[in-house]
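The sequence and structure come first.

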Amino acid sequence: MKKTRLLKNLMLSLLIPCAVLLVLEAMALGKGLRLFANADSWKLFFRAVANVTLTTFALSINLDSGRFDFSLGAVSMLSATVAGTLAQQWNVGPWPMLAIAVAVAALLGLLHGGVYVLTRIPPIIVSLGMALFYEGCAFAFTGGKGVSLVTRLDIIGFSTIGHYILLTAVAVALIVLLFDYTRFGANYRALLSGQKIAVETGIHEIGNALGCYAVSGALMGVVGFISLANTGSQQMALNFGSIGVMFTAFLPMFIGGWIGRYINKRVGIMLGATSMALISLAFARFNTASSVQSIVSALLLVLFLIYLNNEFAILSRFRKKQDAK
Amino acid sequence: MEPILTVRGMDKSFGATVALRQVDLDVYPGEIRGLIGENGSGKSTLTSIIAGIQKADAGEIRFHGQPWRPASMIDALAHGIGMIVQETGTIPGISVAENLFLGESSRFRTPLGLVSRRRMELEARKALDFIHADHIQPGMPAATLDLQERKLVEVAKVMVKQPEILIVDETTTALSQKGRELLYQLMNSLKAEGKAVIFISHDLDEIKQVCDTLTVLRDGRIITHFTRENYDDDAIKTSMIGREMQGDYYRSDNEPSWQEDVLLRAEHLTGSGLDDVSLQVKAGEILGVGGLSECGMHALGKALFGSAQLTGGTVETEGKAFSDPRQATKLGVGYVSKERDTESLCQQASIRDNIAIAGLKHIQKKHLILKRRETAYVQKQVDALSIKCRHMEQPVSAMSGGNKQKVVFGKWLGAGSRVLILDCPTRGVDIGVKQSMYQLIAQMKREGKAILLISEEMAELIGMCDRLLVMKDGAVQKEFLRGQMNEADIIRYMI
Amino acid sequence: MGKQTIRERIPAFASILGLLALIAAYYIVGLIRDANVAYGLKAVVNQSVVVALVATGAVFIYTLGSFDISLGAATGVSALLGAMAYNATGSLPVMFLVCIGVAVAIGFINSSLASVFNLPIFVTTVAMMSVLSAFMLILIGWNGAGDTIKVKARDVRPLDNIPFKVAVLAAYIALCWFVFTLLPTGREAKFIGGNPVCAKLSGIDEKKLAIIASLISAIGIGLGAFLTIVYAPTLNKDTASSIGMDVIIAIVFGGMPVSGGPRSRILSAVVGAFSMGFLSQIMSMLNLGSGYGQMIKAAIFLLVVFIALGSQRGKLLTR
Amino acid sequence: MKNLKRSLCLALCLILALACIPAMADGNVKIGVLVSDATSSEALAFRAYYTEYIAKAYGVEFIYSDELTDAAGEKSAIDNFIVNNCKAVISFSSFDRPAQIDQCDAAGIYNAVATGTLTDEQYDEYKDYEYYVGAIGPSMDIEFQAGYDMAAYYIDQGMTKFGMFGGGVPYYVDMHIYRAAGMLTAMVEKGGEGANYKGADNAGAIIGQIYADGGIDTGAIGNLELAAYVGGYDFNDAWFGKLSQMVGTEGIQAILTVGSGVDVLGGFISGSGVKLATVDSFTPAMQEAMDNGILDYMAGKFAASIGPIFAATLNAVNGQPIRDSEGNALALGQGYWVATSSEQFAQYCAVDSSMTDPAYTKEILDQYASSEVSYDDFVDFVSQYSFDEIVSLKK
């Protein structure tokens, strides 16, 4: 009984990624291509899984608690900029650089949380201000030059499938442990749906919120590092040029939420991110024009949301049809 | 005998509002102490300070003779004082076990620093068994529990710590008879062990039945104490409201009466927990609906206003059918929700906005809403209902429960509703205001309005209704007429 | 019955105080930097008027508690199609109508998508934003004249003057104010923003209001698009792209809660848009360079919001 | 309430304190600079030359605009310059050139175009405007040629299989389209009998085809092959994927980029053996890329190439605008330096280090930023932009 249910849950969890894979592979075959043609495709796929998974974690940690965060992109940009610059100056390899990026990003997250906690300005507005501020910082820090590490083969060489899998696995494991099996996580989940009760019971909301911002920041530090190590350069962005990152995490977050009914929520997010990574891979393999890409992504987002928000109605109509047969 | 708990000279204010002034209180071992007072009299504030939810501005509390300064609710509970709060105290998104050990997950830390869910759930099982809540599973998400089960989880959460003092704040309204009896039993066993209980309730009958001593608060002060021997309804009520009750409490007449026209007619309502309910309310009639909290009567209220998801049935007023709140409002049907704060009012909005919102079409003149007319419209309701406020721009969030309910009444009366569906209109309202509301309902009856009164308070139903429908499991079990209602009969059909 | 005390009224005026402080700072910095302060005032009007228009309309959407991030892209698409229509017909009225019409169509799609399928507006508009931006690029491709779509500058120059723009803005604000305060719409919208359940149980038709709100805001977008063409008749793929974020900031600057509800005010948008205009003048006079400039700007933004919010230190963190 | 007041005071003090720092440098001639790109290495090198070298050497203050994205932004920025009493505007932003000139003319401040040139019709309309200084920079022909030369360089080495990065091509950026068209034209011309790009076999037709498509199609061009193409600046996973895929394309020999090649492709190129060619600027980062074999061919402007337009602008501000015999404004072309080896690159950098010893030093510019300079002298001076000529100028 328990076993069959477990199996059923596992199958439902894998439903979306597998369906996406099948559809895309079929489309690829139709075009005479293979989705996974060579090592590059695999690398792209696992990099996207890592990026999207971590970004979606970073977004959902705070968004689930009703805290919008427009500054994710700016945090990843600024932490990568600082880490890249220091790696260049101190001539350190990828692992120390990753550590610097994570530490800096966690501090940036903490600062963001600190401003929020001190001023009590609604989080969405604080995040707008912080996004602007961090973009400005990154620009000022490098004089607008950004970072170029294209000649640092040790750092560029970090971009391997193995490392991507390692980073994703470690991040998922840590996040699952942190949010489902620690005191911090227990408090977090309590605050999530019962803010008032939790605070009155004696849970320290401020500390928890600061922790969330720091963790979310640290994740974006990894994302920034991955992208800098991948291309070898970090471009600057001003005037909210960095906020686009946040939007890419919505669809995987919703998909993850759906999958999360059948399996651990964070693993669900990873599976959602996997689906998105497949779509990214397909865009690259089919060399889809970017305007088509953005329209397709937007349509997917809307369609999935339509399903989610009308699931009950859709399912009952479907069942009625079944019954009629 | 030495008191376990002494409170001396406690002050507390919220901004300009003084909640407590110079409160002294002693609680002795082996007693069940009732706290009673109108809304805003300071009962909840006093107990929440004792339980560590908030801090006093001044004064001293001693527990077992030692100064008592809990850092939080958890801290207080760990050191012997636990409280079951008035509102829902469980968090829906986490499991029962996590709710039971909210804020204490570190107790289940493994050597690796992680929290052991298995151990937590084992402990939770014990706690639930302790209060005989065998049917609740510790691993279930709290969201899947019903209101009563959630309250039981809260009870278990407090009882597992075996507190020296248990504070129960208006908990029983959420419990069925069975749940109540369970709670009384627990309270009595605490009493037998020489511990103490502080019990807060609006229900005078209940409090008299349960408590050994009774302390009355008014406007943040302790007014007087009663012991079981000298309980006297009138004396208690008088001390609560600070004056003698004038006139009738409920209706004075004892005969059912109504006019001929049917103002509200419902046929075969099914769905949302209702099972083929049909009824009609005539002009000048007060139709009561009673039952246990989950019997479907609240869903019925919503369904009659067109805001429930039904699978079948029709509702019409004066021959015109309607199926959503918008049409209902247009046709002169008003609905006062049981959830006053979340469904009947917009908290941040002013008194003005809240009263005017349903009557905009009456305020409009040539389609325009002029502030002057609006002010006059609102002022009329404020005066008619004697709503206590400094000015009508005040946000309703800062008002007391009774005053808020008056605003809700004002909203529908101003809009000229001929049919009023009142779901627990006096819930959490203090006696003084309650009385004026009953008089208001009686007056609406005289004005020929059709009133559907849904209530969990038997006395109120018996006191006010021309006819009473008793519901159980979503269906009407029995109809009583005014003059033929008696509590024992009614309860028989309820359960 | 008593009246509100001055102290109770302060929050309503905090944002105006913020604007006044910025104006004062503008004059002081202008004095020190020997700037052409009078010309600067004109520049502020020119630069703020489009944001003010779009933001004023957006107040309706924000009041409902929704959050629209596609306003900039909608303005851009309306402007591009307006310009193309002008080039096809040579008629300013046609251009005007196309701007408004396109904006209304987009608003209608947005709101009906959201209300028919019960979608959260914010995410819907995120999707809408990327569709519209992609569409702008496609339009430029169709137009086939390089990276821009141009209207002859001299054709629109007669309209490119402050009195005309201020008149358009004033007329639109008057319209919005009328709908917001003299018709039931505004009150109902505030109620929905404050407590949607209660609003529904008070007989308010939420879907109808969502559609009305997006139509009114669409008029603002259309006017904004029209004035964008008038101000700078050469349009490209990024035309008006910054307006989406500017509008959010303007509304917040103007002291309106982003969550909408009863404390929403029409004038917030104008106050906010002009505050931003003055702030950007101050920043340009200080000539701090892009990075530091933006850091200071962010700090001032947060500071002004902080002041406008007053001290609301509850026990719980705001969400 | 107290809190409110305190914060307000704080805000004011902050602004005032800030205002006083740059106010020290007051009294100088102010020149506004319009930029639509604030972050590319070329833009930064230009900016450093102006703000670090020229500003000190000539006692002028440059006020830079934000990174502009549209014509409305240009107009607002010029308004801000006018507020700041700037005497002239040097423009690196080309969303609406005529509007910029009109606006400056109406306000009575000088306008100079520092990148690209006006079209012939535009020039005819504005050449006699009092406040139009003129344009110095690569014309579209020079851009076309830069692309052509780049492709020809590799074809002549016998390479046949290419990739191309189109940058702003999907956004219809003229400069990038002309460079890309130059590359394709070289392929068509050198691709043997009957070579064509989608049926187009001459420069004009190819340019037209790219404008029509908003992109570039891959495929054989005669006996050459354009095996992969990526455009745009999406910076998302799929886009990076396309880029890395392009580098990994079977048998690809060189990737021609219309710009920022090292920034977007550098990471993928390392160790792949594929040659990378780009149009960029002579910065240390590029030098390093070239030293490490990541960058193989670079056409670039030297940072000080914007010196002459400053000289012309300063002359105009000082009341002696440089005009030809008929009183027309300047319209001068200026081409790229091309480096194909580390040594060459190092030489170039040695001649042009923007902070201390730029290609156009104050000494050189002073000869032309003066009342005595004649139109012909100036034209002659600008035309000597090649590396060797500059070296001899410096001597």
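**The sheet of chain D**

In this predicted model, D:Gly137 stands opposite D:Gly333 in β12(D). The strands involved are β5 (residues 132-137) of chain D and β12(D), which run parallel and are joined by four bridges.

- The sheet is open and has six strands, paired in parallel in the order β2-β1-β3-β4-β5-β12 (chain D).
- β2 and β12 (330-333) of chain D each have a single partner strand and stand at the edges, so one side of each lacks a neighbour in the sheet.
- From one strand to the next, the twist averages 15°.

**Helices across the sheet**

- α2(D) lies across β1 (29-35) and β2 of chain D and runs at about 160° to β2(D).
- Helix α3 (residues 71-83) of chain D lies across β1, β2 and β3 (88-92) of chain D, at about 170° to β1(D).

**Contact between chains D and A**

- Chain D and chain A contribute 32 residues each.
- On the chain D side, α2 (41-58), β2 (60-67), α9 (237-248), α10 (261-269) and α11 (284-291) each supply at least two residues.
- α9(D) gives the most to this side, with nine residues.
- The chain D side divides into 11 nonpolar, 14 polar and seven charged residues.

**Contact between chains C and D**

- Here 49 residues of chain C are in contact with 43 residues of chain D.
- Elements giving two or more residues to the chain C side include α2 (37-63), α5 (121-143) and α10 (206-231) of chain C.
- α1(C) gives the most to that side, with eight residues.
- By class, the chain C side has 23 nonpolar, 20 polar and six charged residues.

Note on methods: Residues numbered from 1 in each chain as written. Chains lettered and ligands numbered in written order. Predicted model: local features only at pLDDT ≥ 70, side-chain atom pairs only at ≥ 80, totals over all residues. Contact = placed C-beta atoms within 7 Å. Nonpolar A, V, L, I, M, F, W, Y, C, P; charged D, E, K, R; others polar. Pairing = 2+ DSSP bridges. Axes fitted to C-alpha atoms, helices over the stretch in contact; angles between N-to-C directions.
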